[in-house]
Amino acid sequence: MNDIQYRLPQKRALVTELPGPKSAALTARRRATVAAGVGSSVPVYAADADGGVVVDVDGNSLIDLGSGIAVTSVGASDPAVAEAVREQVGHFTHTCFMVTPYEGYVRVAEELAALTPGDHEKRTVLFNSGAEAVENAIKVARLATGRDAVVAFDHAYHGRTNLTMALTAKSMPYKAHFGPFAPEVYRLPMSYPYRDQDGLTGEQAAQRAISQMEKQIGADSLAAIIIEPIQGEGGFIVPAEGFLPTLVNWARANGVVFIADEVQTGFSRTGAWFACEHEEIVPDIITMAKGMAGGMPLSAITGRAELLDKVHPGGLGGTYGGNPVACAAALAAIDSMRKFDLPARAQHISDLALPRLQALAAEVGVIGDVRGRGAMLAMEFVKPGTTEPDAELTKAIAARALEQGVILLTCGTYGNVIRLLPPLVIGDDLLDDALTVIEQIVRSLV
Ligand SMILES: Cc1ncc(COP(=O)(O)O)c(CNCCCC(=O)O)c1O
């Protein structure tokens, strides 16, 4: 993108084998002090990052198609974000908004009210992580409705805390042996067009879920439905058109709070400010995190004032929620998204990448589905001529990509999805190089 200035050379360049000696030494040290339960997708350690590249401690310049799991949309060292952080941190790092409030928090709330779908009166609360935002969205929904039950969907991912684990579908690695989980969470079938054997339309899939809600839970017991407009960790599943609007309409008609979890899809990632816009749905509460603050830890719930303002004073908060440095970063990141029109840039990335992924799928017999929106794209890998997931091939592709200097993430309930989550500021040439690497690897492995 010619109007973005990069600090680091935007190139894929390997100067050692991966991992290099310094990364290997760090891994040895890590083993002696960091719990084994914390995994890392790649065995190299970052020393620098900018635009579409991560440079490791051995000087290898890698193309980043992961953005730290959809976080560094504006890049990992956007100059505007860096300057805003430097400015703020020199004044104060923390006062606790629940003790001594500060303008940055209010300004972020004003931005979110303007940017999120819907022209209704809104209120915002800021937190630190996506899971915290989800937890609090459910708290608000339960208090505001006086109901307990919550519906989540197959293949959902909502976090790693106790309630969000209950909402998350996949057991290993997220939930296994960490129970018991929060009660009153019900799981319903998702619209998964590639795997909906009976080829359900979006509305039919929604009616299937609605029937179960009415028969097994009862609308008058149901506080909230929570869903990702595009399911992220579950496999970049884009529901069939009509699924989401049908659920929203039913929820509205039955006093059920509709929560859109846009932690992964939000802030330009899918080619719009929020993924809800693609089907013009207006959630009652939206949860946000990841891309919103240029890499600084910040999350939020923004929702209908009449819901959030039902909570008693002091009922929502937390020590670090809406940290002033993170708020400064968010204001700068949002400005960068506007300045570089990153929703359009995400759509441009799709225009460049999607046709190539679709052509690759037509060429080889192991890509069962290509899907996604904007710069949230995915290929689902299957055994030739079947829909049987091929997790081993998927893992091999990601491993080979790293060997070639491309950071590529997998996901999916069946571990068989390669996902593309490049920084939205990645240049066309670098993206082209990464796509060529992927094409070559897939062809070589099938
Ligand atoms: C939709 C959606 N809601 C909530 C969350 C949780 O956000 P936190 O900031 O990780 O708590 C996510 C985080 N997704 C990546 C988690 C990766 C991992 O932990 O292995 C999400 O995608």
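Trainee: In which handedness does α7 pass α8?

Mentor: This is a predicted model. In it, α7 crosses α8 in the right-handed sense.

Trainee: What describes two packed helices?

Mentor: Two values do: the angle between their axes and the distance between those axes. Here helix α7 spans residues 202–217 and helix α8 spans residues 243–253. They pack at about 35°, and their axes are 7 Å apart.

Trainee: Which residues of α7 and α8 make the contact?

Mentor: From α7 come G202, E203, A205, A206, Q207, A209, I210, M213 and E214. From α8 come F243, T246, L247 and W250. Sorted by class, the contact has eight nonpolar residues, three polar and two charged.

Trainee: Now the strands. In what sense do β11 and β12 pair?

Mentor: The sense is antiparallel, over six bridges. Strand β11 covers residues 367–373, and strand β12 covers residues 376–381. R373 stands opposite M376 of β12.

Trainee: How many residues lie between the strands of this hairpin?

Mentor: Two. Look at G374 in the hairpin: its phi is positive, near 55°.

Trainee: Which atoms pair up between the ligand and G130, D261 or Q264?

Mentor: Take them one by one. At G130, a polar backbone atom is 2.8 Å from an oxygen atom of the ligand. At D261, an N or O atom in the side chain is 2.7 Å from a ligand nitrogen atom. At Q264, a polar side-chain atom lies 2.9 Å from a ligand oxygen atom.

Key
Residues are numbered from 1 along each chain as its sequence is written. This is a predicted model: local features need pLDDT of at least 70, side-chain atom pairs count only at pLDDT 80 or more; totals for chains, interfaces and linings use all residues. Side-chain values use heavy atoms; hydrogens and water are left out. Two strands pair if DSSP finds at least two bridges between them. Helices (H or I, at least four residues) and strands (E, at least two) are DSSP runs, numbered from the N terminus. Axes are lines fitted to C-alpha atoms, for helices over the stretch in contact, and angles run from 0 to 180 degrees between N-to-C directions. A crossing is left-handed if the near helix is turned anticlockwise from the far one by less than a right angle, and right-handed if clockwise. Contact means heavy atoms within 4.5 Å. Ala, Val, Leu, Ile, Met, Phe, Trp, Tyr, Cys and Pro count as nonpolar, Asp, Glu, Lys and Arg as charged, and the others, Gly among them, as polar. A polar contact is a pair of N or O atoms within 3.5 Å; within protein, one must be able to donate a hydrogen and the other to accept it, and residues adjacent in sequence count only if both atoms are side-chain atoms.
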